[in-house]
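Open the model in your viewer and keep the sequence panel beside it. We will go from the whole chain down to single residues.

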Amino acid sequence: MPMFVVEYAYTPETSSGRDDHRTDHRAWLRELERRKILRSSSPLADHSGATMIVEGTDKASVERMFAHDPFALAHLIDRVQIEELAAGT
């Protein structure tokens, strides 16, 4: 199955909202990990975003999946970029 990198960009104005929703966001990520969809995830060191590596059928399915992230539902993500990784990586 194809692998995708998902990059989030945050603004400083959403920091407190992210704090409020972080428990739900992490639970959502743990569920993706349990289902073997999420391969890796980490916030950026400066807290300006996050990077996740996931399996998905195609880019559209990954977009739909990440629309259910509690951060996305609460409109706390400034920008989402999704790119397919090269095969064999």
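What follows is a tour in short stops, each with something to select.

**Before you start**

This is a predicted model, in which local features need pLDDT of at least 70, side-chain atom pairs count only at pLDDT 80 or more, and totals for chains, interfaces and linings use all residues. Residues are numbered from 1 along each chain as its sequence is written, and side-chain values use heavy atoms, with hydrogens and water left out.

**Stop 1: the whole chain**

Show the protein chain as a cartoon. Its secondary structure comes to three helices and four strands. Here helices (H or I, at least four residues) and strands (E, at least two) are DSSP runs, numbered from the N terminus. In sequence order the pattern reads β-α-β-β-α-α-β. The radius of gyration of the protein chain is 13 Å, close to the 12 Å from the globule rule for 89 residues, so the chain is as compact as a globular protein of that length. That radius is taken over C-alpha atoms, and the rule is 2.2 Å times the number of residues to the power 0.38.

The C-alpha trace spans about 40 × 20 × 20 Å along its principal axes. Of the 89 residues, 36% are buried. Buried means under 20% relative accessible area, exposed over 50%, and partly exposed in between (1.4 Å probe, protein chains only).

**Stop 2: the annotated domain**

Select residues 3-84. An unreviewed UniProt entry annotates this range as "domain: YCII-related". UniProt positions are given in the numbering used here, feature names are shortened, and annotations may be inferred rather than shown by experiment. Over residues 3-84 the chain is 39% helix and 32% strand. The end C-alpha atoms of this range are 6 Å apart.

**Stop 3: the sheet**

Colour the strands. In what order do the four strands lie in the sheet? The order is β2-β3-β1-β4, in an open sheet with antiparallel pairing. Two strands pair if DSSP finds at least two bridges between them. At the edges are β2 (38-43) and β4 (79-84), each pairing on one side only. Neighbouring strands are turned by 10 degrees against each other on average, direction ignored.

Zoom in on β2 and β3 (residues 49-55). They pair in the antiparallel sense over five bridges. Leu38 has Val54 in β3 as its bridge partner. Ser40 stands opposite Ile53 in β3. In a regular strand the side chains alternate between the two faces of the sheet.

**Stop 4: two helices across the sheet**

Select α1 (residues 15-34). Helix α1 lies across β1 (3-9), β2 and β3, running at about 155 degrees to β2. Axes are lines fitted to C-alpha atoms, for helices over the stretch in contact, and angles run from 0 to 180 degrees between N-to-C directions. Next take α2 (residues 59-66). Helix α2 lies across β1, β3 and β4, at about 40 degrees to β1.

**Stop 5: two loop residues with positive phi**

Select Lys36, in the loop between α1 and β2. Its phi is near 65 degrees, a positive value in a residue other than glycine. Is Lys36 buried or exposed? At 63% relative accessibility, Lys36 counts as exposed.

Move on to His47, in the loop between β2 and β3. The hairpin has five residues between the strands, and His47 takes a positive phi near 65 degrees there. His47 is exposed, with a relative accessible area of 56%.

**Stop 6**

Select Glu55 in strand β3. Glu55 is buried, with a relative accessible area of 18%. Leaving aside neighbours within four places in sequence, Glu55 is in contact (heavy atoms within 4.5 Å) with residues including Lys36, Ile37, Arg39 and Met65.

Finish on Gly56, in the loop between β3 and α2. Gly56 is buried at 5% relative accessible area. Which residues does Gly56 contact, neighbours within four places in sequence aside? They are Met1, Pro2, Phe4, Ser61 and Val62. Draw one distance: Gly56 and Ile37 are 19 residues apart in sequence and 7.3 Å apart in space, C-alpha to C-alpha.
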